[in-house]
Amino acid sequence: MLFETAATAPHGASAGPGTHPPGGQEERIRARIAEVEQRFGDPTDEHGELSYARLLEADERAELSETGERALDELVLNADFVPRRHGGRLERIDSLVQLMRRVFRRDIALGLGYGVTSFMAAVNVWGSGTEEQQRRLARLLLDGRKVSVAYHELAHGNDFVRNEFEARPADGGYLLNGTKQVINNADRAAAWVLFSRTSPAPGSRSHSVVLAERAALDQDLFRVLPRYDAVGVRGCHLSGLEFTDCPVPDSALVGEEGKGVELALRAFQVTRSAVPGMALGAADTALRTVVRFALGRQLYRKSVMDIPHAKATLSTTFLDLLICDSLSLAATRAVHVLPEQTSVYAAAVKYLVPKMLTDAMYDLSIVLGARFYVREGEFGIFQKHVRDLPVLSLGHAGSAACQATIIPQLSRLARRSWFADDPAPASVFRLREDLPDIPFDRLTLASGQDGLSATLVAAVDQLPSSSPEERAAHGAALRLMDELRQIQEQSRHLAPQDRTALASPATFALADRYAVLLAAASVIGVWQQARGADDPFLADPAWLAAALHRLARRLGQPLPDLPETCETRLHDEVLSRFHDIRSYDLYNAPLAG
């Protein structure tokens, strides 16, 4: 049945779909985040029903937390995946990312297993479905049901244009035949979005997307395959589907027949931009856990926090979270205001953010020492997040697939965009500014424009250089601009094969370097827009200098050491946010614990 709306919900219950707090987008998202955080409570309180201790117990049983799912039901989380015009709450992708961090910081499996899979499936329908399909899907989600998406098959990995699962044209519709593996929530979804072959001919025009509603299918012509055991996200229901001449009507086709690849790639621009940023919630918990350990653990008559290596590791991890959040912010907001350019930004986020977060988790594990291996107690949540986080670097596209999305666009960007385009608009970097609706019809598969890189180029003339921190930032920006010139020169001379997914390792490395430059440009944009805003830390050039310095060093650029004030400022902020219980991301938001 439909969840209660604000008019009928009891006092203290979550307002249902179709109802919205007064005010603009930012007021609504702040109220929503506070509501979710309050409902989940302090995760470090072992007696809490949604504490880390209870979530770990569910993980040991390879189950999703029943209490957690019930809380998300009460919060009507599915409404956050449904656009407002269909009765939901979805307005901005960056706001959805913020919200889902509250779930991910407690349990990645709960975030994926309860709802993000439904979001990934639904984006295909919001972008390309008919009005009737969108209405029916909205009703399923607002009724608390789940939807799954199945792009890939194990035999073909990320090369999904070779998929063999069929939706064979037949009288009045299609016949589904074949198997889809490793589908989250396949066993409990009310509908499945299936990437299907609709023609035996080779090439990208041979596939389409089908929305199959479970209740409308002949139950004897499909079956759910046995559940997989997983090392990470153990509570997620990962299984598969097998169909045998199972009919679906013409109305099940999403978009046009033969346009499945284009449809999926446009949907990826939204989901690749969004999902990695959600994982910052888990990295926040990991950093917070190790800070607690470092402050409380005595070694050599000092706390671990007093050891220079440990202290530096915690500061640089915090810095990495800010870098990742800057790139995530720019990409998710670009979906709204620079949709023609989003393809390459989304791929960069999906490639670089999981990579940086995984590296950061490894660095933190060294500080944690032997406690890294503990699966229960105070530090058990760290071990769980270490196991769960790598799953996000796979999902519907692994890192190589994301690089393969960037590579064909490099030569065009080198010829048409770099050092020629205007910088991205300020709204791309403003944390709390309202945005227009998602223009799904303007998302394109490739672009010859790149406003983010232009932001980096323009910054060389715009960045101040009066203080030591500002001079350090300016010097790093110069080095990064030189790196962009090198990438431009090399991209202009790529051989034809090096402009495809069969490119050489050197070309894949080129895509890696370019992703790092996009992160640097995002950092600069965020800092520029934070000046004069309400967060003195984000307006401080110390973190800007440290972030650009770290990214330039990642690219092998020789730079002098940073002013000591940069590390001191970062360290002070790490401690301040720990004691004040505020988030380790750009938003510096209050947390329940």
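A residue is called buried when its relative accessible area is under 20%. The model shown is predicted.

Q: Why is Cys236 called buried?
A: Its relative accessible area is 2%, and the cut-off is under 20%, so Cys236 counts as buried.

Q: What makes Cys324 buried?
A: Cys324 has a relative accessible area of 1%. The label requires a value under 20%, so Cys324 is buried.

Q: What is the closest cysteine sulfur to that of Cys324, and why does it matter for a bond?
A: It is again in Cys402, at 14 Å, which is too far for a bond, because the limit is 2.5 Å. A search of the whole structure finds zero disulfides.

Q: What makes strand S4 mostly covered?
A: Seven of the seven residues in S4 (residues 191–197) are buried. Ala191, Val193, Phe195 and Arg197 point one way, and Trp192, Leu194 and Ser196 point the other way. In a regular strand, side chains alternate between the two faces of the sheet.

Q: Why are S4 and strand S5 said to pair?
A: Pairing takes at least two bridges, and S4 has seven with S5 (residues 207–213), in the antiparallel sense. Leu194 stands opposite Val210 in S5.

Q: How do you know that strand S1 pairs with S4?
A: Four bridges join S1 (residues 147–150) to S4, where at least two are needed. These strands run parallel, and Val147 has Ala191 as its bridge partner in S4.

Technical notes
Residues are numbered from 1 along each chain as its sequence is written. This is a predicted model: local features need pLDDT of at least 70, side-chain atom pairs count only at pLDDT 80 or more; totals for chains, interfaces and linings use all residues. Side-chain values use heavy atoms; hydrogens and water are left out. Buried means under 20% relative accessible area, exposed over 50%, partly exposed in between (1.4 Å probe, protein chains only). Helices (H or I, at least four residues) and strands (E, at least two) are DSSP runs, numbered from the N terminus.
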